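I opened the notebook to go through this model. I wanted the surface first, then the overall fold, then the record.

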Amino acid sequence: MKEQSRTKMLAHDIPLRVVKLLNVILMTIPFAWCWYGYYVGQMENSFYKKGNLLMLVLFMLVYFMFARVYSAFLVSVNRISEMVYSQVLAVLITDGITYLVIVLLVKGFPSVIPGLLAIAGQTAISFVWCTLAHLWYFRTFPPQKTMIVYDVREGMEKLISQYDMQKKFKVEEVLQVEECLNDMKKLDEMETVFLSGIHSRERNIILKYCIDRHVRVYVIPRVGDVLMSGAKQIHMFHLPMLRIGRYDPQPEYLFLKRLADIVFAGAAAIILSPIMLITAIAIKAYDGGPVFYSQTRLTKNGREFGVLKFRSMKVNAEKDGVARLSSGENDPRITPVGRVIRKCRIDELPQLFNILKGDMTIVGPRPERPSIAAEYEKVMPEFRLRLQAKAGLTGYAQVYGKYNTTPYDKLLMDLTYISRPSLLEDMMIMFATVKILFMPESTEGVEEGQITAMQDTPAARADKEKKDEQ
């Protein structure tokens, strides 16, 4: 049984890697045509002609890197449309970078028309590859026999259905953790197991059992797990140990991060100033109200500051004094201009000045409103652990979550970022932010009338049941 499972995993992984490599090669062909057919002839020095192969390798490496950042190869998980979107975005950035290299080589600005033709070809190739790869994958690999084991977090099977992943996972059993522990042999029949909201003791028993039998496991972590993920491995008393402490990155990291904030935020403010000017005029012309809106938010160590945004709602949208999250596109408080600038994230641009001032950073936990954070902390005192780092314009939770992601999940994502401070991780998140700018689900609001995003917490459910009884 164990050997069969291992062979099955290899039979799955190896052909999938070959198919991904084929994608990289196919996306390079239009660039190679463009390079050999036009740009090579622009070189004055014959020395540069010897670097033809190097240019193709550079393109492949850069494209592969950005395709990984945007999850463009996840045939088994993403929809065809999302894969095409991710690949086109990755190839646009790659083509842009290689064009800058060409500018340096030819010491001038050659025509972009060959490059645009290459992009058109790459887009067509991406659509064909994604469609064929998707069809091949799900015809070759049937849905995996899946079990969901839960404790305090139910509904994992609904997420599989919501994200249209029934072709990947065939849920055959949903068990409460005690049921699973009472009959562990049920796990032998599975290929995949999801562990959802299970405490460490029970989870570790199931995890060891599954690993021993080559069953793949997906674990939704708890707060303690995420804190442990940032532990430093040390040796003391002739024993391996994990040292865990509060967020305390190296001084050189903080210096370089602040320098990057000033450089990138300053450059972005200058480049995007025409868009900000047009936005300001549109807001003023619509109802004559103020252009900007300052809202009290929390940053590092709970310090309050005024986050600056373009006003996207009607004047006095919260005249009742209650701080509440937006319910999305149908929120009656949002103006027509506001709908446009919120969809394109233009309303967030004034936060560049908060970054320059030092209240915020480019990458960090989302700044929360004090009153809403206080509500969350009544149920989850650990929610304040997000405040170990300076608030960010973008971040792990902003990129991989949604506007209405539950506070517990936001906490998990923010702690994942805080646990491993890294300039490389910051850069990856910045590039990943580009992908979500045009994805409407990332701005999906809470339900109408709802003040916070705390609909999935036990306390919120109990409160709702109490109201229903009344």
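This is a predicted model: local features need pLDDT of at least 70, side-chain atom pairs count only at pLDDT 80 or more; totals for chains, interfaces and linings use all residues.

**Entry 1: a residue on α10**

I started with Phe 264, which sits in helix α10.

**Entry 2: the nonpolar patch**

I then looked at what surface group Phe 264 belongs to. It is part of a nonpolar patch with Phe 255, Leu 256, Leu 259, Val 263, Leu 423 and Met 427. Together these residues have about 610 Å² of accessible area. Which helices supply the patch? I noted α10 (251-271) and α17 (423-436), each with at least two residues. The largest share is from α10, with five residues.

**Entry 3: the whole chain**

I counted 18 helices and 10 strands in the protein. Of the 470 residues, 43% are buried. I put the accessible surface at about 25700 Å², with 62% of it on carbon and sulfur atoms. I also checked contacts between residues at least 6 apart in sequence: 74% of them join residues at least 24 apart.

**Entry 4: the record**

Residues 88-106 are 100% helix and 0% strand, with end C-alpha atoms 26 Å apart. Residues 262-283 are 95% helix and 0% strand, and their end C-alpha atoms lie 28 Å apart.

Technical notes. Residues are numbered from 1 along each chain as its sequence is written. Side-chain values use heavy atoms; hydrogens and water are left out. Patches are made of residues with over 30% relative accessible area and no salt bridge: like charges are joined within 9 Å, nonpolar side chains (Val, Leu, Ile, Met, Phe, Trp, Tyr) within 5 Å. Accessible areas come from the Shrake-Rupley method with a 1.4 Å probe; for residues, only the protein chains shown count as cover. A salt bridge is a side-chain nitrogen of Lys or Arg within 4 Å of a carboxyl oxygen of Asp or Glu. Helices (H or I, at least four residues) and strands (E, at least two) are DSSP runs, numbered from the N terminus. Buried means under 20% relative accessible area, exposed over 50%, partly exposed in between (1.4 Å probe, protein chains only). Contact means heavy atoms within 4.5 Å.
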